[in-house]
Amino acid sequence: MTETIAIVLGAAMLAAAVVLLKHRYWPPKPGDEPREDVAEYISMMVGVLYALVLGLALVTVWDDRSGAEEHTAAEASAAHQIHVLAASMPAAQGARMRTAVETYVRHVTDTEWPAMVDGVAPGPEGWRLLDEVRAAGQAPDGASPAQQIVGQEVVAQLGTLDEARRGREADVGNGLSPVLWVGLITGAFLTVGFMFLFGVRRSFTHVVMVMGLSALITFIVLLVYQLDRTFSGMFAINATPFTRHF
């Protein structure tokens, strides 16, 4: 992060030094007119590049949020399937499976989810409870062919649940890169600032354009901020997939 900012500032300082040297050793002639087209071109390029940064930020946070939704739905669905498959096991083992799954789900919704809202990744307790579900789902000795098939399906669902849980843990740490945040904020000031420096001449039109552009940029940056908060905020992913089944 620090190296990136240093490189960007270095490039800006180098460009400023080149311009100063040009004006010092090759100053414009007295009859030369100001090149307004250059200023307009630079202003346009800043706007285009900032639009690319905004698009990249929106795609990034949307993909992260979609992935988190898929992980949550897959984990809840796998837990529900294991709970349903328990009915095909011997009575004692089925009851133990259902109890283990319900305990795991309660831990996810009551303990892990509030911590995830605060940005804290799930701890090892969830994995220990998942191991209990795995132990309870093993096919018993002398199981019938039907029960062996059910045991294989339980193992498959446990694999899905395990993978989805790992994805959910990773989703807690996902977020927009600090470099992109610097680009979003800096680009917003540059884009709006160039509207003041190289705006249209009529004051009313100028004010309307600057107000509209500022409002639109602010809205998009706030939208990116809300989408970046995967498990908190306005568009937060909650534990509804778990509570719907249990």
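**Exercise 1. Find where α3 bends in this predicted model, and check the helix's length.**

Next, work out the span you'd expect. The rule is 1.5 Å times one less than the number of residues. With 27 residues at 1.5 Å a residue, α3 should span 39 Å. Now compare: the end C-alpha atoms of α3 sit 38 Å apart, so the two values agree. Finally, look just past the helix, where Gly 119 has a positive phi of about 85°.

**Exercise 2. Work out which elements build the largest nonpolar core, and which residues touch the most other members.**

This core has 30 residues, and Ile 82, Tyr 104 and Trp 113 touch the most other members. Two or more residues each come from α2 (36–85), α3 (91–117), α4 (125–136) and α5 (145–173). The largest share, eight residues, belongs to α3. Zoom in on Ile 82: leaving out residues up to four places away in sequence, Ile 82 touches partners including Met 97, Val 101, Val 133 and Leu 161. Apart from this core there's another one, of 17 residues, with Trp 181 and Val 221 among them.

**Exercise 3. Is Phe 246 buried, exposed or partly exposed?**

First, locate Phe 246: look in the segment after α8 (240–245). Its relative accessible area is 32%. Buried means under 20% and exposed means over 50%, so Phe 246 counts as partly exposed. Now check its surroundings. Ala 79 is 167 residues away along the chain, yet the two C-alpha atoms are separated by 9.4 Å. Beyond its neighbours within four places in sequence, Phe 246 contacts Ala 76, Ala 79, His 80, His 83, Val 101, Glu 102 and Val 105.

How values were computed: Residues numbered from 1 in each chain as written. Predicted model: local features only at pLDDT ≥ 70, side-chain atom pairs only at ≥ 80, totals over all residues. Heavy atoms only, no water. Core = buried A, V, L, I, M, F, W, Y, C linked by side-chain atoms within 4.5 Å. Buried < 20%, exposed > 50% of the residue type's maximum accessible area, 1.4 Å probe, protein only. Helix = DSSP H or I, 4+ residues; strand = E, 2+ residues; numbered from the N terminus. Contact = heavy atoms within 4.5 Å. Bend = angle between axes of the 7 residues up to and from the residue.
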